[in-house]
Amino acid sequence: MHLAVLVMGQANNKLTDQIPIVEHVVTVNNDKVSFSVDDKTLLNCLEKNNIDVHYHCRDGFCGACRVTLNKGQVCYPNGEPLAFVGDNEILTCCCIPTSDIKITLE
Ligand code: FES
């Protein structure tokens with residue numbers, strides 16, 4: 001299903017505007033994994049790919065899942081998190097990539 005969406009998007013620019021691209025490449029240190037909307041959060045995606053990430057609340061309160069965003073963009077579908085987020089930092093438990101991204105885990 002995801003491949004069909006991507007092919008349709010590439011074949012017709014008008015469809016690209018109407019159908020969101022549902023997968024993005026996530027580069028973690030030197031590894032690459034694929035985020036799918038089915039993952040629901042970046043943290044779920046990282047866990048699915050056996051990438052060890054710190055977390056606690058999984059709801060944007062504690063900041064334990066904070067990582068450095070080196071490239072790309074994310075959004076917080078359920079609103080801005082309450083935990084402090086510095087420049088170039090994101091909270092993996094409550095964000096989703098809106099482009100291909102590159103992150104660094106501490
Ligand atoms: S796990 Fe608590 S803010 Fe992400």
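1. Of the contacts in the chain between residues at least 6 apart in sequence, 46% join residues at least 24 apart; two residues are in contact if their C-beta atoms, placed from the backbone, lie within 7 Å. The model is predicted: local features need pLDDT of at least 70, side-chain atom pairs count only at pLDDT 80 or more, and totals for chains, interfaces and linings use all residues. Residues are numbered from 1 along each chain as its sequence is written.

2. The chain has 3 helices and 7 strands, in the order α-α-β-β-α-β-β-β-β-β. Helices (H or I, at least four residues) and strands (E, at least two) are DSSP runs, numbered from the N terminus.

3. Of the 106 residues, 25% are buried, that is, with 20 or more other C-beta atoms within 10 Å of their own C-beta, placed from the backbone.

4. Beyond its neighbours within four places in sequence, L91 is in contact with G60, G63, C65, R66, P81, A83 and V85.

5. Mean pLDDT (the predictor's confidence in each residue, from 0 to 100) is 85 for the chain, and 80% of the residues score at least 70. Residues 1-16 fall below 50, and this stretch has 12 contacts in the model beyond near neighbours in sequence. Where pLDDT is low, the predicted coordinates should not be read in detail.

How values were computed
A residue is buried if 20 or more other C-beta atoms lie within 10 Å of its own, exposed if 12 or fewer, and partly exposed in between; C-beta atoms are placed from the backbone.
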